[in-house]
Amino acid sequence: MMSVTERIRQSLLALHMARALETLDHTLGRLEKGEISAIEAIDDLLAEELNLREGRRIGVALRTARLMPVKTIESFDFSFQPSLDRHRITALAQLEFINRAEVLHFLGPPGTGKSHLATAIGVAAVRAGRSVYRCSLAELIEALTRAEREGRLAEKIRFYTRASLLIVDEIGYLPITPGGANLFFQLVNARYEKGAMILTSNRGFAEWGEIFGDPVVATALLDRLLHHAVVVQIEGASYRLRNHADLIPEHTRAHANLMPPPAPKRRGRPPKHGAIDHLNG
């Protein structure tokens, strides 16, 4: 006759609980020594299995969301960017802005950590069970343009609206192809007040007419993207160039901020979460 232990083993195998099966002997050993109770043994087995499956889920979700390599709030060097309020960024990582379908803007010069913070908040959202997708503006417009050409634009826009959080990186870095501004507007309009977004840009809002090549469309975009917005302005140096300032040509260095600015003096209470801090970039 099969022992109780063997029946448990067979049940775990049939249920595809590989991690619980792997730790069964160790858990039973602790139980026999009186280190844990029977109910704690069951809890340990289930916790081991759940942790394994959750780790797999997060790994798949991060790859699907295009959030690799993983960035975290903890790994961000706030000492190099004293213009940032660490507590405010940590509060944003609690993801309430997603529940409110708000748009989070990170504005600042290249290398100041905008993409790191956007990715880190996206990673936090994945770990919290939210659906996330990340792409650059150039990639987004290229995909929408191709879909329009193939008669699949509505389907592609639905794809980009399914995620709880859409991260659009690098606004202003590359020129927008003709018709691209209108396609981006259609997507923004489809997500307006329905889904949260994070946008990163090295250009201020006043320059969006130039970025998108159409002041009318840019105004319509900002009308929706700033209605329920949180704007974080980063006024710092390039983290990537911190050790290589001497390699930058002198005429370029004269117009670039390559050293971290002094910590700003606090003046009163910081703005409440959800308020728009800067509108001029």
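Mentor: Start with Glu-139. Glu-139 is partly exposed, at 35% relative accessibility. Partly exposed lies between buried (under 20% relative accessible area) and exposed (over 50%), with a 1.4 Å probe and protein chains only. Its partner in a salt bridge is Arg-66, with the closest N and O atoms 3.2 Å apart. Glu-139 belongs to helix H7 (residues 137-149) and Arg-66 to the loop between H3 and helix H4 (86-92), so the pair ties together parts 73 residues apart in sequence. Arg-66 is also partly exposed, at 33%. A salt bridge here means a side-chain nitrogen of Lys or Arg within 4 Å of a carboxyl oxygen of Asp or Glu. Helices (H or I, at least four residues) are DSSP runs, numbered from the N terminus.

The model is predicted: local features need pLDDT of at least 70, side-chain atom pairs count only at pLDDT 80 or more, and totals for chains, interfaces and linings use all residues. Residues are numbered from 1 along each chain as its sequence is written, and side-chain values use heavy atoms, without hydrogens and water.

Now the wider set. The whole structure holds 16 salt bridges. One of them joins Arg-19 and Glu-48, at 2.9 Å from N to O. Arg-19 sits in helix H2 (residues 18-32) and Glu-48 in helix H3 (residues 38-65), 29 residues apart. Arg-19 is partly exposed at 25%; Glu-48 is partly exposed at 30%. Arg-224 and Asp-223 pair at 3.6 Å, N to O. Arg-224 is partly exposed, at 21%. Finally, salt bridges link Glu-6, Arg-9 and Asp-25 in a network.

Key:
Helices (H or I, at least four residues) and strands (E, at least two) are DSSP runs, numbered from the N terminus.
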